[in-house]
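Please keep the sequence and the structure in view while reading the points below.

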Amino acid sequence: HSALTGSYISGTHSIVLINCPNEPTAKDIARAILEKRLAASVIALPKAFSLYFWKGDIEEADAIMLMISTRTSRIPELAEFVRTIHPFDIPELVSLPLDQGNPVYFKWLEDVVPED
């Protein structure tokens with residue numbers, strides 16, 4: 001397995017960040033993502049706030065940030081799914097490719113999240 005042999009290809013896995021308006025919504029979205037096997041794990045980072053432009057004004061709101069571990073190849077499907085269940089008109093969804101990490105963790109991620 002490439003993740004265990006040290007021949008990891010940078011960017012094979014990613015962390016996806018999704019901003020949610022509250023904890024119940026964050027939990028619902030996280031569970032739905034996991035049930036569809038679009039991610040191996042989701043961590044919710046509580047007690048954040050967001051400042052952003054919306055319709056020409058600066059808005060401020062509480063936020064829960066989801067940090068999602070997945071295969072980079074699954075991000076388009078993940079993004080499309082999130083757009084169908086997220087309450088925001090334009091949900092924030094950005095991804096960061098992983099360059100290095102625990103090979104055993106990457107192997108587990110690949111075992112949990114099927115290829116597209």
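In this predicted model, Leu66 is in contact with Val16, Leu17, Ile18, Cys20, Ala26, Ile29, Ala30, Val42, Ile43 and Ala44, leaving aside its neighbours within four places in sequence. Leu66 is also one of the residues that touch the most other members of the largest nonpolar core.

**The nonpolar core**

- The largest nonpolar core has 17 residues, and those touching the most other members are Val16, Ile18, Cys20, Ile33, Leu66, Ile68 and Leu78.
- Two or more residues of this core come from each of the elements β1, α2, β3 and α3.
- The greatest contribution is that of α2, which gives five residues to the core.
- As a general rule, nonpolar side chains tend to be buried together in soluble globular proteins.

- Helix α3 spans residues 75-85, and its residues Ile75, Leu78, Ala79, Phe81 and Val82 are buried.
- An α-helix has 3.6 residues a turn, so residues three or four places apart point the same way.
- Pro76 and Thr84 are exposed, and they sit on the face of α3 turned away from its buried side.
- The cover over the buried residues of α3 includes β1 (13-20), α2 (23-35), β3 (57-71) and β4 (93-97).

**The largest pocket**

- The largest pocket holds about 300 Å³ of space.
- Its lining is made of 15 residues, of which Asn19, Tyr52, Trp54, Phe88 and Ile90 are the closest to its centre.
- The elements β1, β2 (41-54) and β3 each give two or more residues to the lining of this pocket.
- With four residues, β2 gives the most to that lining.
- By type, the lining comprises ten nonpolar, two polar and three charged residues.

**Arg71, a buried residue in a strand**

- Arg71 belongs to strand β3.
- Arg71 counts as buried because its relative accessible area is 11%, and the cut-off for buried is under 20%.
- Not counting residues up to four places away in sequence, Arg71 touches Thr12, His13, Leu109, Glu110, Val113, Pro114 and Glu115.
- Arg71 and Leu38 are 33 residues apart in sequence, while their C-alpha atoms are 8.2 Å apart in space.

Technical notes: Residues are numbered from 1 along each chain as its sequence is written. This is a predicted model: local features need pLDDT of at least 70, side-chain atom pairs count only at pLDDT 80 or more; totals for chains, interfaces and linings use all residues. Side-chain values use heavy atoms; hydrogens and water are left out. Buried means under 20% relative accessible area, exposed over 50%, partly exposed in between (1.4 Å probe, protein chains only). Contact means heavy atoms within 4.5 Å. A nonpolar core is a set of buried Ala, Val, Leu, Ile, Met, Phe, Trp, Tyr and Cys residues joined through side-chain atoms within 4.5 Å. On a 1 Å grid over the protein atoms alone, a cavity is a set of points where a 1.4 Å probe fits but cannot get out, and a pocket is an open set with protein on both sides within 12 Å along at least five of seven lines; lining residues have an atom within 4 Å of a point. Grid points are joined across faces, edges and corners, and a volume is the space filled by probe spheres set on the points. Ala, Val, Leu, Ile, Met, Phe, Trp, Tyr, Cys and Pro count as nonpolar, Asp, Glu, Lys and Arg as charged, and the others, Gly among them, as polar.
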